[in-house]
Amino acid sequence: MTPLAAKTDPIPFTSALIIDDHPLFCDALVMTLQSVAGLQEVFTAPCLQDALLQLQHQPDLILLDLNLPDVQGLEGLTQLKRLSKAPVLVISSMADNRVISAALHAGAAGFIPKHSQREVFRAAVEGLRRGERFVPSGYILLPAVKAPTGSDAAARVRSLTQQQTRILRLICEGKLNKQIAYDLTIAETTVKAHVTAIMRKLGVHSRTQAVLRAGDAGFHQALPNSGGGA
């Protein structure tokens with residue numbers, strides 16, 4: 001574990017908000033947090049939109065799944081960090097060093113693979129109470145990936161196909177996959193595949209980061225539809 005802040009007194013976590021769309025996992029995690037981590041109130045939300053409404057309860061801790069129905073990748077983490085002061089503990093079945101490192105560098109207070117034993121959840125909460133960042137045993141925190149310069153970002157955007165460029169424009173307008181599929185008259189699964197390819201080409205892990213990277217490239221001002229076919 002590494003320090004999050006220079007704190008000597010334990011942080012009095014008593015409540016938590018779980019954001020995950022799997023009811024059985026949520027039920028099990030609620031019981032785990034109450035029984036082994038000593039949290040008194042645990043709220044749940046199946047998606048980020050519902051979670052934002054739950055922030056009125058001002059939870060001491062947020063546990064966030066990376067695979068939610070209304071956001072992708074680290075976008076949920078980015079929004080929560082902007083709207084809440086509570087530390088965010090990421091829980092995900094996508095648990096390799098790259099994903100864990102990206103989450104921590106994006107501001108997560110810790111990361112727990114979903115297959116972890118109850119003791120790992122207890123250790124994570126206890127570590128956060130001490131002001132420490134939690135990294136699961138056996139995993140290595142990789143260095144942060146340096147953001148590309150404006151010219152590098154522009155080159156990445158130019159590498160997109162024409163269809164991917166159209167989809168990126170709609171992402172920048174705030175449209176969801178279903179809306180993009182309707183606008184372009186293509187299947188939603190096709191949109192998802194393009195979005196995954198777009199994020200890979202731009203070197204980002206969320207739609208929010210893709211929008212920021214597009215801005216670095218001057219995408220909103222003017223950009224020719226260059227690139228290969230769809």
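**Questions and answers on a predicted model**

Q: What covers the buried residues of α3?
A: This is a predicted model, and in it the cover over the buried residues of α3 includes β2, α2 (48-54), β4, β5, α4 (97-105) and α10.

Q: Which residues of α3 are buried?
A: They are E75, G76, L77, Q79 and L80. Each of them is called buried because its relative accessible area is under 20%.

Q: How does α3 run relative to β4?
A: Helix α3 (residues 75-83) lies across β2, β4 (61-65) and β5 (88-92), at about 160° to β4.

Q: What makes V71 count as buried?
A: V71 has a relative accessible area of 6%. Buried means under 20%, so V71 qualifies. V71 sits in the loop between β4 and α3. Beyond its neighbours within four places in sequence, V71 is in contact with L48, G76 and Q79. Two of those contacts, G76 and Q79, are themselves among the buried residues of α3.

Q: What is the strand order of the open sheet?
A: The five strands are arranged β3-β2-β4-β5-β6, with parallel pairing. From one strand to the next, the twist averages 20°.

Q: Why do β3 and β6 stand at the edges?
A: β3 (41-45) and β6 (110-113) each have a single partner strand, so one side of each is left without a neighbour in the sheet.

Q: How do you know that β2 and β3 pair?
A: Two strands pair if there are at least two bridges between them. Strand β2 (residues 15-19) and β3 share five bridges, so they pass, and they run in the parallel sense. In one of these bridges, S15 has E41 of β3 as its partner.

Q: What makes β4 and β5 a pair, and how many bridges do they have?
A: They have four bridges, and pairing asks for at least two, so β4 and β5 are a parallel pair. I62 has V88 of β5 as its bridge partner. On the other pairing of β5, four bridges join β5 to β6, again parallel. There, S92 stands opposite P113 in β6.

Q: How many residues of β5 are buried?
A: Five of its five residues are buried, and β5 is mostly covered. V88, V90 and S92 point one way, L89 and I91 point the other way, and all are buried.

Q: Why is F121 called buried?
A: F121 is at 5% relative accessibility, and the cut-off for buried is under 20%, so F121 counts as buried. This residue lies in helix α5 (residues 118-129). Leaving aside neighbours within four places in sequence, F121 is in contact with L29, T32, I91, I112 and S116. One of these, I91, belongs to β5 and is buried there. F121 and A37 are 84 residues apart in sequence, yet their C-alpha atoms are 7.4 Å apart in space.

Q: Is T32 buried or exposed?
A: T32 is buried, because its relative accessible area of 9% is under 20%. T32 is placed in helix α1 (residues 23-35). Not counting residues up to four places away in sequence, T32 touches A37, R118 and F121.

Q: Why are α8 and α9 described as they are relative to each other?
A: Their axes are 8 Å apart and pack at an angle of about 110°. Angles of 65 to 115 count as roughly perpendicular, so that is what α8 and α9 are called. The contact is made by N177, K178, I180 and A181 of α8 and E188, V191, K192 and V195 of α9. α8 passes α9 in a right-handed crossing.

Technical notes. Residues numbered from 1 in each chain as written. Predicted model: local features only at pLDDT ≥ 70, side-chain atom pairs only at ≥ 80, totals over all residues. Heavy atoms only, no water. Axes fitted to C-alpha atoms, helices over the stretch in contact; angles between N-to-C directions. Contact = heavy atoms within 4.5 Å. Buried < 20%, exposed > 50% of the residue type's maximum accessible area, 1.4 Å probe, protein only. Parallel < 35°, antiparallel > 145°, perpendicular 65-115°, else oblique. Left-handed = near helix turned anticlockwise from the far one by under 90°.
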